Amino acid sequence: MKALIIGATGLLGKALTQEWSGDEVVGLGSRDLDIRDADKVREAVEGYRPDWIVLAAAYTNVDDCESHPELAFAVNRDGAVNVAKAARRIDAKLLFLSSDYVFDGRKTSPYKAEDERNPQSVYGRSKAEAEVRLLEVLPECCIARTSWLFGTGGKCFPDTILKLAATRPALDVVSDQRGSPTYSVDLSRAIVTLCRSQASGIVHVTNAGECSWFEFAREIVKGGGLATDVRPVSSQQMARPAPRPAYSVLSAESLQPYGVTMPTWQDALQRYLRERGN
Ligand SMILES: NC(=O)c1ccc[n+]([C@@H]2O[C@H](COP(=O)([O-])OP(=O)(O)OC[C@H]3O[C@@H](n4cnc5c(N)ncnc54)[C@H](OP(=O)(O)O)[C@@H]3O)[C@@H](O)[C@H]2O)c1
């Protein structure tokens with residue numbers, strides 16, 4: 001099998017490039033290919049002729065998306081459509097990374113793959129619209145929604161908490177948003193399995209279990225051997241430009257047909273801390 005990873009320089013892309021062995025894998029960053037350029041996307045895809053394309057490229061700064069909606073839609077929706085059209089031309093399969101932010105967060109039990117989208121932010125809307133368009137252009141594509149991604153390949157929540165906790169006696173962290181942290185290594189392994197299983201349709205891929213950002217931060221500080229006091233605060237007290245869903249746990253039901261069982265987020269966090277050398 002030949003795989004093309006678009007967005008290979010990002011947090012997930014780096015882990016996926018490292019984890020994917022036994023197949024021919026090519027990775028591209030935004031300097032190699034800007035997915036907003038349909039002609040260049042077609043040229044690249046026709047040049048490599050992959051069996052699978054994993055589209056991990058996105059404009060991922062959720063708060064900046066609020067002030068740059070045109071860029072968010074150009075990259076996250078229209079760029080994804082460019083890749084899907086190029087994949088269709090050569091009959092390649094596509095796995096597109098999407099987000100828990102396509103949901104409004106009003107549920108109190110895990111979101112199923114078929115639950116209605118109702119994004120609350122520009123970033124969430126750009127991903128939700130991408131999903132709808134991709135399913136029109138390439139009905140057999142695979143849409144893998146994930147959440148609260150962390151890993152050693154870039155900026156992420158545990159890294160920020162560890163850096164802040166190293167210099168501060170106390171940290172305030174929101175306790176009224178619940179989700180599932182996801183380790184880039186575990187997500188990468190699941191993606192490889194999905195591609196090898198010819199997956200199609202919407203699947204939810206996160207580490208098992210759920211927590212609030214506050215609970216996650218407390219576990220990170222403890223795991224990092226730090227004494228910093230982690231204090232719970234509300235989203236209102238920590239207002240940010242983009243609204244976040246209060247609850248965005250994704251049900252693992254859609255992964256079962258592929259025989260993928262995700263480790264718990266606590267187990268994943270321990271492995272992440274070891275990978276960092278903590
Ligand atoms: N991070 C999360 O918590 C989270 C949660 C749910 C879903 N996701 C989704 O998971 C996927 C991977 O996320 P991530 O955290 O790994 O993202 P990331 O670290 O921000 O990496 C984004 C990647 O996209 C590339 N990129 C950005 N604009 C591009 C453009 N116009 N053309 C081509 N490439 C472009 C970047 O390339 P350069 O670095 O070379 O510029 C980079 O390789 C994304 O689809 C994201 O929406 C992430």
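The following is a conversation about a predicted model of a single chain.

Colleague: What should I keep in mind about the numbering and the model?
Modeller: Residues are numbered from 1 along each chain as its sequence is written. This is a predicted model, in which local features need pLDDT of at least 70, side-chain atom pairs count only at pLDDT 80 or more, and totals for chains, interfaces and linings use all residues, while side-chain values use heavy atoms, with hydrogens and water left out.

Colleague: How many helices and strands does the chain have?
Modeller: Helices (H or I, at least four residues) and strands (E, at least two) are DSSP runs, numbered from the N terminus. Counted in this way, the secondary structure of the chain comes to nine helices and twelve strands.

Colleague: Why is the chain said to be as compact as a globular protein of that length?
Modeller: The radius of gyration is taken over C-alpha atoms, and the globule rule is 2.2 Å times the number of residues to the power 0.38. For 278 residues this rule gives 19 Å, and the chain is as compact as a globular protein of that length because its radius of gyration is close to that value, at 18 Å.

Colleague: What percentage of the residues is buried?
Modeller: Buried means under 20% relative accessible area, exposed over 50%, and partly exposed in between (1.4 Å probe, protein chains only). Of the 278 residues in the chain, the buried ones make up 52%.

Colleague: Which residue in E2 is the bridge partner of Ala3?
Modeller: Strand E1, residues 2-6, is mostly covered, with four of its five residues buried. Two strands pair if DSSP finds at least two bridges between them, and five bridges join E1 to strand E2, residues 24-28, with the two running parallel. Within E2, the bridge partner of Ala3 is Val25.

Colleague: Against which elements do the buried residues of H1 pack?
Modeller: Helix H1 spans residues 11-19, and its buried residues are Leu11, Leu12, Gly13, Ala15 and Leu16. Contact means heavy atoms within 4.5 Å. The buried residues of H1 pack against E1, E3, strand E4 (93-99), E6 and helix H7 (184-196).

Colleague: Is Trp148 buried or exposed?
Modeller: Trp148 is found in the loop between strand E5 (142-146) and strand E6 (149-150), and it has a positive phi of about 45° although it is not a glycine. Most residues other than glycine have a negative phi. The relative accessibility of Trp148 is 8%, so this residue counts as buried.

Colleague: Where is Arg49 found?
Modeller: Arg49 also has a positive phi of about 45°, although it is not a glycine. This residue is found in the loop between helix H2 (38-48) and strand E3 (52-55).
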